Amino acid sequence: MSDITEPGRSGRNIPPIAISRMTTEVNLTGSWKYIRPRYEDRVAPCNANCPVGIDIEGYLYLLGQGRTEEAASLLLEENPMPAVTGRVCHHPCEDGCNRANLDEPVAIHSVERRLGDIALASPPPAAPDPARDEKVAVIGSGPAGLACAYHLARIGYRVTVFEAAPEAGGMLRLGIPEYRLPRAILDRQIDRIAALGIEIRCSTAVGRDLPWSELDTFDAVFAAPGAHVGKDARIDGASDTRMVRPGLEFLKEVNAGGRPVLGDHVVVVGGGNTAMDCARSALRLGSEVTVLYRRTPLEMPAIPQEVKEAKLEGVGFRFLATPTAARAKDGSLVGIECQQMELGPPDESGRRRPVPQEEGRFSMIADCVLTAIGEDCDLEFLPEGVEISGGVAAVDELCESTTARVFVGGDAADLPRSVADALGSGKRAAIGIDHWLRERSGEEVAPPDLAALRFGPGGNLSIARERGIDPLHRASPVNEVAGWDAMNPAHFEQAPRHEDHFHAAGDLTATFGEVNFGLSEREFRDEVDRCMNCGVCNRCELCLIFCPDMAIHRRDDGEGFEIDLRYCKGCGLCAAECPRGAMAMSREES
Amino acid sequence: MRELRIHGRGGQGTVIASKLLAVALFREGHEVQSFPAFGVERRGAPVTAFLRFDDSPIRLRCEITAPNHLIVLDPTLIDAVDVTAGLEAGGTILINTDRDPASYVELTPRFTVATVDASEIAVRHGLGTRSQPIVNTAIVGASSSVFGWFGMEAVEAAIADEVPVKLEENVEAAREAAEAVRVAPTGEMSNV
Amino acid sequence: MKKVMIGNHAVSWGVQRSRVEVISAYPITPQTQIVEELSDMCADGRLPARYIKVESEHSAMAACIGASAAGVRTFTATSAQGLALMHELLHWAAGGRLPIVMADVNRAMAPGWNIWTDQNDSLSQRDTGWIQLYCETNQEVFDTTVQAFRLAEQINLPVMIILDAFFLSHTSEPVDLTDQEIVDEFLPQRVAQYKLDPSDPHAFGALVRPDAYMEMRWQQQEAMRDTLRVMPEVDEAWGALTGRRYGAIEEYRTEDAELLLVTSGTITSTARHVVDARRSSGEKIGLVKIKMFRPFPTALLRSALAGADRVAVLDRNISPGHGGIFAEETRSALYDVPLEDRPTLFGYVLGLGGRDVTPSVIEAIVDRTREAEAPERQDLWVGVEL
């Protein structure tokens, strides 16, 4: 047995607390591992869902870092008009948002709108150096045409846009009412695109004002004329009156500043966005409006928010009904006969086809009927060799038609008809035209690696990827979408989504002023913070914190981390704790 | 040493009333100690608070079972609770009521009764609601004239220290209550 | 500046004056007002400290341990079950030699669920290595809070300041809030002996083998022994600045006393009242208040009690299966007193779960202690009606 303690004799120097007094660096714990972690950024589902092909997760990350200018610049890399899309896009990005599994999707459209407005307030971009000699003609200054012109001009091509209408904008100006898209915003957005050195020639319809042969001086042509011919609703007796009108024609008149007299009772036929725009515009002209739609609310193709707002503003809806005949008296419409429908078996679109219900006839008082059951394209002006199929041009992935030098896109190609799809189409055409022209000029260029340029396996192409721009310094990215399974929800707290602020519905019918005010600055910041950066390292440092061997270090350039494999023993904590699925483990080579 | 007990209901400001009295007395140079009856508090339930003061440091740290005086913030408590339990004979009971003090014939033979309609004064100054007036500042004002231990200046200072809102209204309520209070000395017979 | 305030706020102000840098706490009755006020002070700028919200007392102490190990002045407060939940981390704080200061508002342990005062919560933490200081008045609460930081930081041990639920925590009385300049003079900025420092990285709290564990414990015990010397020095330094001193124990009218009461907490005040009354009728009676329970002031207590005939220890606590805890510790302290000087000890258990201890209760104890031939039991329970 030891002596009774008499301290201070032994000379041993034991500290009063449990504290390490030498390094363990000599223990190269990395020699134990048979699997190793790596940083491997993936694709956020918002990006994969975006028809434009925007690096949404990327600009949200930059915003989260307070790098607003870089965020705007990354957004503008893919999308020439964010202040427009932030207002009118149907935002499928939000349908994919992983956050819906935790609480609600991030209000991406609201963030994009605000960031778009910030970009709009900055000085206009300088025209890029004309690095290429070739000239490209773009037919149509809608979203597809302007997107193609924008991307080509940024590469250095000389671009001329031909627009049939007196002002540029295509369907954005002709079809979308001002209360959804203020003209000042649209004008400034188009001015900034033109500032890249693009010539826009308005009131110049190719085929009417300018023969196609005049385009021979251009090295390539992108035709994006849009779909402007309203489908015939086949209402008996409609020709007896001028008050059964194509809805798009009515919208064009109103959007050009006209204020037509429609009468007290207006019936809008159709369930898409054009129908909603007609109904809400007619309401603003003082009419009582009823929308007739032959299917049920579930099948309506309109953006749900538009339908909701129409209802709030006082538009009436009658579902499973279609007009059959107009009753006119002395050229004035007095009413319409309608057929009650019911849903039969599914049609080729997968939706249940409406079929007439026996005995289901009724009539409605109507001073005006606006038909909005879809639009067709007028492609007569295209040269003969361009194959037309199903009313649209047959084109490949990069919008190349069956005739050399001619590319077709936007509503004139087989696409969902949305602003976002048109913007995406214009971008693909720009990539296609650039490649085609380079190949023609004898450059040795490999065909674009479409799989690599896509956001995820099915997303649109990224021009930033093609040009090698990555302000996020993504680590060894793989083109795989980070779904909810990839996420570690333990690291996220619930936070409710902010909804846009709207003009009170009661007092807006007399005005075409903007109804959606978007988010406040604080709400905008909150939404940025709600983004989980799915699949992409956002430098949260949890890997570094969790590593039991302190084998993870910040990189000197501040862009991410490096793993000291001499000490990493392959425990996998870093990858398991990564909140966003931006790490992976792989087996050691034996 | 003087000992006081205050009866009220949760939400009337009973505990703050005892604190206000303590601060006013402290400002007049006394040693003071005030505390609530310890327990769980609930709106509307009977609440008791205590006050001791003296000229030398207070040694006792236990509840008050034999007070010298009473304050009753809600007159319905007189029937619901044995408020006079342990009250020293000849002590004063200050009651928040619109009744005449002499009408408390069951109390006047043994105690001095003082009354003031603190609820009415409080509501008139926007303190609480008609169904739930906050009467503590008014009752402290009334205490100033009934007991004569501290002046209105001390009351005003106490309110400024302890009541975070509606300073002017509270001071005015205290002043009015000091004027309005009526007293029936011990032994006075009812004339109603 | 003298202000009428509750004991809980006296703690908050002591913390404010001590320029604490990190606070982490979880609310529990009857302590909540302490941290509520501190949270307000942090929010409105009266106290430029970081207030860390947590989901439990265990985490609160963990946060304090982290902050204190990083070298900053750290405070928390709790009560009863909350203190019990902290138990494991109380060892970590003391073994890590971290000068954390904690206020414990003495509340009876459940079950039966009870929010009123007794000392079993703090006394259950007796062997965790914390210094324990029991308070009698709100002024003492404020003074002890400020003193606690200097004491803790001088000897690198955590300090628990203990105040009775309601009788102090919720009772308003005048407190002299010593001016900031005076507190600053008394309490210099903390200089940590060991701290987490990225520029000099060490692992803290790692494995200690049998060949070093006892040496660590020995040094902890040495620090406790040092505290017996340092605590009165700190108290004296504060007394020199403010005129207020408390001592590890206080002897009250003990000269020539035949019967001595031994008390702690607020029972002391009421007992002083009884002592004064009995003295004025000529009884030789006095009182010894124990302020510091750990380290136990054995020598001081021995000299204060030796020579009296009888000692009555009043315990608002019980060690089940043994007796009142202050009584047992006092009995042990008296063992080395020669038999002829050794007083007879009566251990009374009273006031559990907040039961009121009035002057008449103490009068009865005095009479019984004087009249009984000897205590008929190790623990004499007062007022149990079954």
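Let's start inside the protein: this structure holds six cavities of 30 Å³ or more. Keep in mind that you're looking at a predicted model.

**Stop 1: the largest cavity.** Its volume comes to about 110 Å³. To find it, select A:Cys50, A:Cys89, A:His91, A:Cys93 and A:Glu112, which lie closest to its centre among the 15 residues of the lining. Now colour three helices of chain A: H4 (82-88), H5 (92-96) and H6 (108-120) are the elements that each give two or more residues to this lining. Which one gives the largest share? That's H6(A), with three residues. If you colour the lining by residue type, you'll get ten nonpolar, four polar and one charged.

**Stop 2: where chain C meets chain A.** Show both chains and pick out the contact: 17 residues come from chain C and eleven residues from chain A. The size of an interface is often given as the accessible area lost when the parts come together. Here the buried area is about 1300 Å², and carbon and sulfur atoms give 63% of that.

**Stop 3: zoom in on the interface.** How many salt bridges cross between chain C and chain A? The rule finds one. Select A:Arg12 and C:Glu215 to see their side chains meet, 3.4 Å from N to O.

**Stop 4: the chain C side.** Select helix H9 (residues 210-242) of chain C, which gives the most to the side touching chain A, with six residues. Taken as a whole, that side of chain C divides into eight nonpolar, six polar and three charged residues.

Note on methods. Residues are numbered from 1 along each chain as its sequence is written. Chains are lettered from A and ligands numbered from 1 in the order in which they are written. This is a predicted model: local features need pLDDT of at least 70, side-chain atom pairs count only at pLDDT 80 or more; totals for chains, interfaces and linings use all residues. Side-chain values use heavy atoms; hydrogens and water are left out. Contact means heavy atoms within 4.5 Å. Buried area is the accessible area (1.4 Å probe) that two parts lose on being put together, summed over both. A salt bridge is a side-chain nitrogen of Lys or Arg within 4 Å of a carboxyl oxygen of Asp or Glu. Helices (H or I, at least four residues) and strands (E, at least two) are DSSP runs, numbered from the N terminus. Ala, Val, Leu, Ile, Met, Phe, Trp, Tyr, Cys and Pro count as nonpolar, Asp, Glu, Lys and Arg as charged, and the others, Gly among them, as polar. On a 1 Å grid over the protein atoms alone, a cavity is a set of points where a 1.4 Å probe fits but cannot get out, and a pocket is an open set with protein on both sides within 12 Å along at least five of seven lines; lining residues have an atom within 4 Å of a point. Grid points are joined across faces, edges and corners, and a volume is the space filled by probe spheres set on the points.
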